[in-house]
Amino acid sequence: ISLIRSLDTEFKVAVDAEQIDQFCLYGILASLCAALATSVLSFGGVGAKTQSVIAAFSVLSALLWVVRLWVNEDLKLYLPPAAYCLGAFIGYAVFRYFEADVEYPARRELLRILSYGLLFFVALNNLQKQEHIHLITAVLVALGGLIAFYAAYQFAAKSYGVWNLVKQEHFIGRATGTYLVPNHYAGFAEMAFLMGLGYTLFSRANHV
């Protein structure tokens with residue numbers, strides 16, 4: 001055990017643990033922003049392929065977190081009460097999966113819950129600085145603005161599709177953004193708008 005510890009210490013010194021820690025931190029931030037953008041731009045993340053991409057970003061961010069825990073001895077687990085509530089919900093989802101009547105859709109829903117839960121724990125324990133929060137907020141608000149322009153085009157041009165997919169007949173001509181259902185887009189637009197409004201009014205950034 002002492003030999004392993006000495007080798008571990010020598011390795012950390014040789015490779016510059018602080019640089020690795022920063023690299024992993026930026027990798028986690030990029031993975032979370034990429035997962036967010038992928039979900040929003042790909043019909044709300046409902047497709048199997050999109051879910052697979054988001055799961056891959058989740059696993060990547062978790063692996064980078066493990067590396068940070070290894071090279072940075074000062075890094076501690078942060079688990080507020082909300083984390084325990086989410087853990088209990090994930091446990092309940094796993095239990096319900098084994099009780100499901102139809103296994104395949106239940107597995108897809110479970111993988112989605114596990115992916116999002118993993119992203120939550122990774123973000124909670126790694127992205128705590130103001131600049132991280134500002135960047136994630138900026139990405140979300142920027143996506144909201146760009147998709148709003150796309151939605152305005154759909155409404156003005158009476159568009160019948162979203163990217164390469166045709167919408168249901170009763171949704172043709174309505175603004176859905178990158179979603180297939182208008183109400184789903186409305187929920188995202190409300191969230192992005194309120195975050196942008198709150199950021200404008202209450203942050204220390206320049207209001208212009």
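Read along the sequence, the protein chain runs in the order α-α-α-α-α-α-β-β-α, with 7 helices and 2 strands in total. Helices (H or I, at least four residues) and strands (E, at least two) are DSSP runs numbered from the N terminus. The model is predicted, and local features need pLDDT of at least 70, side-chain atom pairs count only at pLDDT 80 or more, and totals for chains, interfaces and linings use all residues. Residues are numbered from 1 along each chain as its sequence is written, and side-chain values use heavy atoms, with hydrogens and water left out.

**Overall dimensions and packing**

- Taken along the principal axes, the C-alpha atoms of the protein chain fill a box of roughly 70 × 55 × 30 Å.
- Of the 208 residues of the protein chain, 34% count as buried; buried means under 20% relative accessible area, exposed over 50%, and partly exposed in between (1.4 Å probe, protein chains only).
- Among contacts between residues at least 6 apart in sequence, 64% join residues at least 24 apart, where contact means heavy atoms within 4.5 Å.

**Largest pocket**

- Rolling a probe the size of a water molecule over the atoms shows where empty space is left.
- The largest pocket has a volume of about 640 Å³, a volume being the space filled by probe spheres set on grid points that are joined across faces, edges and corners.
- On a 1 Å grid over the protein atoms alone, a pocket is an open set of points where a 1.4 Å probe fits, with protein on both sides within 12 Å along at least five of seven lines, and lining residues have an atom within 4 Å of a point.
- The largest pocket is lined by 24 residues, and the closest to its centre are Leu-32, Leu-36, Tyr-116, Leu-119 and Phe-120.
- At least two lining residues come from each of helix H2 (17-41), helix H5 (103-126), H6 and helix H7 (182-202), and H5 gives the most, with 7 residues.
- By class, the lining comprises 18 nonpolar, 5 polar and 1 charged residues; Ala, Val, Leu, Ile, Met, Phe, Trp, Tyr, Cys and Pro count as nonpolar, Asp, Glu, Lys and Arg as charged, and the others, Gly among them, as polar.

**Aromatic pairs**

- A search of the whole structure finds 6 aromatic pairs; rings of Phe, Tyr and Trp (its six-membered ring) pair if their centres lie within 6.5 Å, and planes under 30 degrees apart count as stacked, over 60 as edge-to-face and the rest as tilted.
- One of these is the edge-to-face pair of Tyr-97 and Phe-98, at 5.2 Å centre to centre with 65° between the planes.
- Tyr-97 counts as buried because its relative accessibility is 18%, whereas Phe-98 is exposed, with a relative accessible area of 64%.
- Tyr-150 and Trp-163 form a stacked pair, at 4.9 Å centre to centre with 15° between the planes.
- Tyr-150 lies in helix H6 (residues 130-157) and Trp-163 in the loop between strand E1 (161-162) and strand E2 (165-166), so this pair ties together parts that are 13 residues apart in sequence.
- Tyr-150 is buried, with a relative accessible area of 18%, and ring pairs link Tyr-150, Tyr-153 and Trp-163 into a cluster.

**Loop residues**

- Trp-163 has a phi near 55°, a positive value in a residue other than glycine.
- Lys-158, in the loop between H6 and E1, has a positive phi of about 55° although it is not a glycine.
- Lys-158 counts as exposed because its relative accessibility is 52%.
- Lys-158 lies over the face of Phe-155, at 4.8 Å from the ring centre; a charge sits over a ring if NZ of Lys or CZ of Arg is within 6 Å of the ring centre and within 35 degrees of the ring normal.
- Thr-178 is placed in the loop between E2 and H7 and is buried, with a relative accessible area of 1%.
- Leaving aside neighbours within four places in sequence, Thr-178 is in contact with Val-40, Leu-41, Ser-42, Phe-43, Gly-44, Ile-147, Tyr-150, Val-162 and Trp-163.

**Helix residues**

- Ser-115, in helix H5, counts as buried at 9% relative accessibility.
- Beyond its neighbours within four places in sequence, Ser-115 is in contact with Ala-55 and Ser-58.
- Val-53 belongs to helix H3 (residues 48-71) and counts as partly exposed at 35% relative accessibility.
- The C-alpha atoms of Val-53 and Ser-39 are 9.0 Å apart in space, and the two residues are 14 residues apart in sequence.
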